[in-house]
Amino acid sequence: MGVPTPPYWTFDEYRRDVLDDLVRTEELLRLDTEISNKELLPRYQGPVDNYEWADLERYYSRLFSDFVVERIKDFVDTTPVELYREEFDSFRKDILRINEAFPGPSSTTAVTIPKPAEQLLLKRLRLRRYDPTGLDVTYIEQGGPLYLLELFITAAQQQANREMLSDGGITSQQPSGIINSTGTQTSSDSLISALVEEAKALSGARKEGVRRQLLEPVLMVTLWDNQREGLQEWLDADREGILEMATATGKTVAGIGAVAHLCGELPDRPDHEPRTEDANIMVVAHSNAILSQWERELGEKLGLPGSRVGGDGQPDTLSFTTGTVEFRTAHSLLPRYNRNLESEYDLVIYDEVHHYSNEEGFGQAIRRPNYRAALGLSATVGDDEDDPRRKALENILAPVVYTYDLEDAIEDEIIPQFEWTVHPTSFDESEREEWEQSTESITNQFRGLKSSRETRQILERLSVPFTEMEDLGDFIQAHRAAGYELDRDIPDSWTNLHKAINSRSWIRHRSQPKIESAVDLARGYLTESDNVKLVMFAMDIDTTERLHDELKKYTDDAYVVHSKVASSTRKKDRIVNQRIQKFANADHGVLIAPKLLDEGIDVPDAEVGINVAGTKTKLQLVQRMGRVLRKHGNQKPRFHHFVAIPDEHYLHGIDSKAYVQELNWVHELGELIRQQPSIERADVDEAVLRRAEERGHEQWAQDLVDDWEVETVQGAVRLDEVLDALTLEATRTLRSEVDFTGENIARTEWKRALETLRSELSVNALQRIWWLFPLYRDRPAELDRRLEQIIDRLTVGK
């Protein structure tokens, strides 16, 4: 039956001929739309006679009450449903009146709750010390009547939960408010009452007042303990210092907390008084993508209206009632650009500050702004107080005032439990041939280079611990030193050999079996679930595009982000930001990038990480894992790390050592995060892995003889530092649980011994001790002798 012409249906006819054909939710939506239109649009002609509108509204209220009862009956006694019914009627009508303060294009239907109205409503709840994250209903399309209904029901469920905690025999510290992370009560009001009261207050607000309130900065989240502690340490240090907080532990929000402390509202600190009502703030990062993320996060966490990215990909200046935030790349602050800066900033935030430790490079850039307060943020500044990079950075900017590492995050359950797997893969036939030819060429070049007079003369000028090269590992070290110390005096023979080594490494990085295995894994995730999001790390742009071509068949939301998505920097930055935002808004999809996602850019609610790229440093591995090691509800993140293994034609000093180093980084990182990976061996022959490990451990042994440093997840350590981490009891435990009489140390025995030591040693000490296994695996008697020496030394005088 179509919409009738006057005379209209009676209410009974409308319910029988229209509403009875709809399911419950559709019935509520249809009624809510009709009633909303009647309230908002004076000339609206509805489906029933005007004198029967009261019946229609009463019927709607009864349906809503039933709906509420159905949703909360498992939590609380639902007898007094009339209370919820009356309050929802009041809430809905006030929301309709609030809409009048948010003018938009004319329409024949009513938009129930526009985003700004909801944002302002939640901001007012936050000022009453509620945490609005509990009212997240983003799984419903924003703006329609079902969204408003779900928002109210969610508040009812939360209220019912609190009443159950206080009255249902479950001990609670609160009667009806919300407890924040400090354990203090945030509000004693009924959440539903607060929601209704704030809606009523807003319904009579003037447009000017509404707009002003929208632009008032309010910290919309309750800080975690580590964020609050870091912020306090920074305040105690006269607001000059660096917060060193591990990946995924919330350092960006800590920085936003500093902005709120300067010029905004901190609802969890009722005694807080902003320092200024006219703040001038600068955020500095090393890319526009990270700056755009800062702009989005500031707007969201401070309850400000949605921002937009400028046409050049760089975020606009963010303005609000009590301040302005500029966004600058460190590159743009270099002296040669002579950028005009404010005479003084109230606060400058330097994100990923570890990039700026070079006094002759970006160190000059971050020194340029004059400021009253400076906050540096980084996941890793340096391993200890003697680290050169740490010292340089503290000299350029400010001291590290707070450190919160992965061990702390695991202990406090900020980083969730997760699964991770290492996938070794072999070469295909064509790659084996190319690998063999490249190996032969490099070997011949090195043979002629290492004994040349020119090489001997160069080595005498370099700060390296040898005067002649034994293998290509020596060449790599010498070439690196030459790059720092000789500038343009590096001979062509060295440059050509170095290029040949790099070219050969790309055979591993682009290995087809590795990429095909990663594609198969990603395809499985995307086809087996409609609610999964992946982030993939590739080594280069070509591989990134290939992965995208393969996987876009299985999801509508497959995105690539890299430096060549557009020909101009301006357009590239805009496209990258748009794609990251689209992926953030999707429920299912994959985001693929080379190095762009390594640090600084959050990947919202992506629970699967797949690393196809070679990992050149331990920091890259930690950063890539950190993209998915973030709490998102009950998700259990998963991380997959692929590595291609050549089965023959090794270059002494490079190949096996690189594989074993990477493998042991993985195991050491497993100690750090208390979750060892599984090794998926289905894609590679066991004999290949065994030969790779044997050759690699030979290289570790040689390094040990030469007393080289060992590169670990926490930085470079020397053998004496590893041994110093052993206590007397720990040393005795190792000697009692590990058999040192055979030809090598069994991995299972070593792992069992470390499990025993968990109760005796810190995670950091366990990480260091892990390295004794790869270093001494094939020389157990020598390690046993060293352990015996430690026991003798520690028992002297006892």
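This is a predicted model: local features need pLDDT of at least 70, side-chain atom pairs count only at pLDDT 80 or more; totals for chains, interfaces and linings use all residues.

Visitor: How many bridges join strand 2 to strand 4, and do they run parallel or antiparallel?
Guide: Seven bridges link strand 2 (residues 279-285) with strand 4, and the two run parallel.

Visitor: What about strand 3 and strand 4, parallel or antiparallel?
Guide: Antiparallel, with three bridges joining strand 3 to strand 4 (residues 323-329). Ser319 has Thr324 in strand 4 as its bridge partner. A hairpin connects strand 3 to strand 4 through two residues.

Visitor: Why is strand 4 described as largely enclosed by the rest of the structure?
Guide: Because six of its seven residues are buried, strand 4 is largely enclosed by the rest of the structure.

Visitor: What's the strand order in the sheet with mixed pairing?
Guide: That open sheet has seven strands in the order 3-4-2-5-6-1-7. Its edges are strand 3 (318-320) and strand 7 (400-404), each pairing on one side only. On average, neighbouring strands of this sheet are turned by 15° against each other, ignoring direction.

Visitor: And which order does the sheet with parallel pairing have?
Guide: It goes 10-11-9-12-13-8-14, an open sheet of seven strands. Strand 10 (558-560) and strand 14 (678-679) are at the edges; each has a single partner strand, so one side of each has no neighbour in the sheet.

Visitor: Which strands does helix 21 touch there?
Guide: Helix 21 (residues 569-585) packs on the sheet and touches strand 9 (533-537), strand 10 and strand 11 (589-593). The direction of helix 21 makes about 150° with that of strand 10.

Visitor: How many bridges are there between strand 12 and strand 13?
Guide: Four, with strand 12 (residues 608-611) running parallel to strand 13 (residues 638-645). Ile610 has His640 of strand 13 opposite.

Visitor: Switching to side chains. Thr544, buried or exposed?
Guide: Thr544 counts as buried because its relative accessible area is 0%, under the 20% cut-off. You'll find Thr544 in helix 20 (residues 541-551).

Visitor: What does the side chain of Thr544 reach at 2.8 Å?
Guide: The backbone oxygen of Asp540. Setting aside residues up to four places away in sequence, Thr544 touches Ala538, Val560, His562, Ile592, Ala593 and Pro594.

Visitor: OK, and Arg508, is that buried or exposed?
Guide: Buried, at 16% relative accessible area. Arg508 belongs to helix 18 (residues 492-509). If you skip residues up to four places away in sequence, the ones Arg508 touches are Phe427, Trp435, Lys514, Val643, Ala644 and Pro646.

Visitor: Let's do hydrophobics. Which residues have the most contacts inside the largest nonpolar core?
Guide: Those are Trp234, Leu243, Trp294, Leu298 and Leu347, in a core of 45 residues. Helix 10 (residues 251-263) gives the most to this core, with eight residues. Another core lies apart from it, with 27 residues, including Ala117, Leu125, Ala194 and Met220.

Visitor: What is Trp294 in contact with, beyond its neighbours in sequence?
Guide: With those within four places left out, Trp294 contacts Thr252, Gly255, Ile256, Val283, Phe327, Ile349, Asp351 and Leu377.

Visitor: Zooming out, how many helices and strands does the chain have?
Guide: The chain has 30 helices and 16 strands. Of its 798 residues, 55% are buried. Looking at contacts between residues at least 6 apart in sequence, 74% join residues at least 24 apart.

Visitor: Before I use any of this, what's the mean pLDDT?
Guide: The chain averages 75, and 67% of its residues reach 70 or more. Residues 1-8 have pLDDT below 50, and beyond near neighbours in sequence that stretch has nine contacts in the model. pLDDT also stays under 50 over residues 308-312, where the model has 13 contacts beyond four places in sequence.

Methods
Residues are numbered from 1 along each chain as its sequence is written. Side-chain values use heavy atoms; hydrogens and water are left out. Buried means under 20% relative accessible area, exposed over 50%, partly exposed in between (1.4 Å probe, protein chains only). A polar contact is a pair of N or O atoms within 3.5 Å; within protein, one must be able to donate a hydrogen and the other to accept it, and residues adjacent in sequence count only if both atoms are side-chain atoms. Contact means heavy atoms within 4.5 Å. pLDDT is the predictor's confidence in each residue, from 0 to 100. A nonpolar core is a set of buried Ala, Val, Leu, Ile, Met, Phe, Trp, Tyr and Cys residues joined through side-chain atoms within 4.5 Å. Two strands pair if DSSP finds at least two bridges between them. Axes are lines fitted to C-alpha atoms, for helices over the stretch in contact, and angles run from 0 to 180 degrees between N-to-C directions.
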